[in-house]
Amino acid sequence: MKYLLMALMLVGLQMDLRAQGADQDALLKLVAAAALAGALQAEQMVFLSDVPGLMKDVKDAKTLIREIRAVELEKLEKEGVIGGGMIPKCRSAAAALKQGLKKVEFVDGRVAGALTKVVKGEEKAGTLLKK
């Protein structure tokens, strides 16, 4: 794992892996996936979560942010809008976008078929993050 972190830092993806209550192995996989997507300049990366996407109020699905630019994420994190497990997802997504990834989508993994529809471009669900 130490060597994986070193390799990721060499490709320019440096981030704080000390998210609150986060499983370190899961975080490493998340960072590695984002680094790979950025390095390959992939078209799309999808993060599945247990929420509909980024929301201004996590208790109110009506506050879902449909589209946001990566430069806005830091402000939302400072304001407490982005917290917990969404912090490493957002940070790794922003870093991957800087490396060449085209777009990131945060999708509710609890919704049957949501991932398939988003990947196929049949449906927009959750939050779209662009550079």
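This is a predicted model: local features need pLDDT of at least 70, side-chain atom pairs count only at pLDDT 80 or more; totals for chains, interfaces and linings use all residues.
Reader: In what order do the strands of the open sheet stand?
Author: The sheet is open and has 4 strands with mixed pairing. S1 and S2 each have a single partner strand, so they stand at the edges, and one side of each lacks a neighbour in the sheet. The order is S1-S3-S4-S2.

Reader: Which strands does H4 touch, and what angle does the direction of H4 make with that of S3?
Author: Helix H4 covers residues 86–99, and strand S3 covers 103–108. H4 packs on the sheet, where it touches S1, S3 and S4. The direction of H4 makes with that of S3 an angle of about 155 degrees.

Reader: Which residues form the covered face of S1?
Author: Strand S1 spans 44–49 and is joined to S3, with which it runs parallel, by 6 bridges. Gln-44 stands opposite Lys-103 in S3. Gln-44 belongs to the uncovered face of S1, together with Val-46 and Leu-48. The covered face consists of Met-45, Phe-47 and Ser-49.

Reader: Which element gives the most to the largest nonpolar core?
Author: This core has 25 residues, and those with the most contacts inside it are Leu-54, Leu-73, Ile-82, Val-104, Phe-106 and Leu-129. At least two residues each come from helix H2 (24–39), strand S1, helix H3 (73–78), helix H4 and strand S3. With 7 residues, the element that gives the most is H4.

Reader: Leaving aside neighbours within four places in sequence, which residues is Phe-106 in contact with?
Author: Phe-106 is among the residues with the most contacts inside the largest nonpolar core. Apart from neighbours within four places in sequence, its contacts include Met-86, Lys-89, Cys-90 and Ala-93.

Reader: Is Glu-105 buried or exposed?
Author: Glu-105 forms a salt bridge with Lys-103, with the closest N and O atoms 3.9 Å apart. Lys-103 is partly exposed, at 30% relative accessibility. Buried means under 20% relative accessible area. Glu-105 has a relative accessible area of 6%, so it counts as buried.

Reader: How far apart are the closest N and O atoms of Arg-110 and Asp-108?
Author: Arg-110 is exposed, with a relative accessible area of 56%. Asp-108 is buried, with a relative accessible area of 9%. The two residues form a salt bridge, in which the distance between the closest N and O atoms is 2.8 Å.

Terms used
Residues are numbered from 1 along each chain as its sequence is written. Side-chain values use heavy atoms; hydrogens and water are left out. A nonpolar core is a set of buried Ala, Val, Leu, Ile, Met, Phe, Trp, Tyr and Cys residues joined through side-chain atoms within 4.5 Å. Buried means under 20% relative accessible area, exposed over 50%, partly exposed in between (1.4 Å probe, protein chains only). Contact means heavy atoms within 4.5 Å. A salt bridge is a side-chain nitrogen of Lys or Arg within 4 Å of a carboxyl oxygen of Asp or Glu. Two strands pair if DSSP finds at least two bridges between them. Axes are lines fitted to C-alpha atoms, for helices over the stretch in contact, and angles run from 0 to 180 degrees between N-to-C directions.
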